[in-house]
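Visitor: I would like to go through a structure with you. Could you put it on the screen?

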Amino acid sequence: MLPIGNCVRELRAESGEMTQGELGERVGVTRQTIAAIEQRRYSPSLETAFRIAKVFNKSLIDVFWFDET
Amino acid sequence: MAFKEKSAWLMLIATLVVGLYMTYAVVQTSIELQQIPAVLPVFIKLTVTLIILSVIGQIVLAIANRKQAEQKADEREKVFIRRGQAAAGGVLAVGVVTSLLHFLVLSDGNLLFYSCLLSLVLAQISEYGVQIASFRRGY
């Protein structure tokens, strides 16, 4: 697992069960990339991270954090 | 499966089929004639077959996955593509240098041609193989 933690899956669920595909379409990445981000197998670029946070009307650090454990 | 991965699988299979056919044809003809066969007929067959397989395959893939096909590679897919290209570059470099070295020893132009062509085929197989491995692994 990569050291960038996130709560993207939880935020999707809170936003009326938004699918990975829908989120991917809104930020410009594939469904598979969103899945990889949620599973911490891929760290998004800064731009994509900001776009994801914007979709949920959150700040960047409310969605992503550094977690070395 | 992402569209880019499907495309990589298609190209891997097409390249493998054509590469194996080419290798078999050249080796078989070499055994029969006791010399390396002429390059042009094999090269033309290989090129035309690969083009037909890949173009038809990509068209069928695009029709079956229209929406995905219209999307450009996203940031993660671009990393996988670059990784594949880097692997291909390494394989091609090793293959061509090896081919040149054995030309210095054997001085057979046809053999040099086929060695370089095989290096190119192996490089393409490496490229698609690395891309697919990256897609399967997810990172």
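This is a predicted model: local features need pLDDT of at least 70, side-chain atom pairs count only at pLDDT 80 or more; totals for chains, interfaces and linings use all residues.

Visitor: How many helices and strands does chain B have?
Guide: Chain B contains five helices and zero strands. Read from the N terminus, its elements follow the order α-α-α-α-α.

Visitor: And what does the C-alpha trace of chain B span along its principal axes?
Guide: The span is about 50 × 25 × 20 Å.

Visitor: Which share of the contacts in chain B comes from residues 24 or more positions apart?
Guide: Such pairs account for 83% of the contacts with a separation of 6 or more.

Visitor: What percentage of chain B is buried?
Guide: Of the 139 residues in chain B, 34% are buried. The chain exposes about 8,100 Å², and carbon and sulfur atoms supply 72% of that area.

Visitor: How many positive and negative side chains are there in chain B?
Guide: There are 12 positive and 8 negative side chains in chain B, with the centres of the two sets 8 Å apart.

Visitor: Which residues form the nonpolar patch on the surface?
Guide: The patch consists of L40(B), F43(B), I44(B), V48(B), I52(B), I56(B) and V60(B), which together have about 630 Å² of accessible area.

Visitor: Take I56(B); where does it lie?
Guide: I56(B) is in helix α2 of chain B, which covers residues 39–64.

Visitor: Let us change topic to E77(B). Is it buried or exposed?
Guide: E77(B) is buried, since its relative accessible area of 3% falls under the 20% limit. The residue belongs to helix α4 of chain B, residues 75–106.

Visitor: What does E77(B) touch, leaving aside residues up to four places away in sequence?
Guide: E77(B) touches T30(A) in chain A, and A2(B), K4(B), K72(B) and F135(B) in chain B.

Visitor: What separates the C-alpha atoms of E77(B) and Y139(B)?
Guide: They are separated by 9.4 Å, although the two residues are 62 residues apart along the chain.

Visitor: Now chain A. What is the phi of E17(A)?
Guide: E17(A) has a positive phi of about 55°, although it is not a glycine. E17(A) sits in the loop between α1 (8–14) and α2 (20–27) of chain A, and at 61% relative accessibility it counts as exposed.

Visitor: And N57(A), where is that?
Guide: N57(A) is found in the loop between α4 (46–55) and α5 (60–63) of chain A. Its phi is near 55°, a positive value in a residue other than glycine. N57(A) counts as exposed because its relative accessibility is 71%.

Definitions and conventions:
Residues are numbered from 1 along each chain as its sequence is written. Chains are lettered from A and ligands numbered from 1 in the order in which they are written. Side-chain values use heavy atoms; hydrogens and water are left out. Helices (H or I, at least four residues) and strands (E, at least two) are DSSP runs, numbered from the N terminus. Buried means under 20% relative accessible area, exposed over 50%, partly exposed in between (1.4 Å probe, protein chains only). Contact means heavy atoms within 4.5 Å. Accessible areas come from the Shrake-Rupley method with a 1.4 Å probe; for residues, only the protein chains shown count as cover. Lys and Arg count as positive and Asp and Glu as negative; His and the chain ends are not counted. The place of a charge is taken as NZ of Lys, CZ of Arg, CG of Asp or CD of Glu. Patches are made of residues with over 30% relative accessible area and no salt bridge: like charges are joined within 9 Å, nonpolar side chains (Val, Leu, Ile, Met, Phe, Trp, Tyr) within 5 Å. A salt bridge is a side-chain nitrogen of Lys or Arg within 4 Å of a carboxyl oxygen of Asp or Glu.
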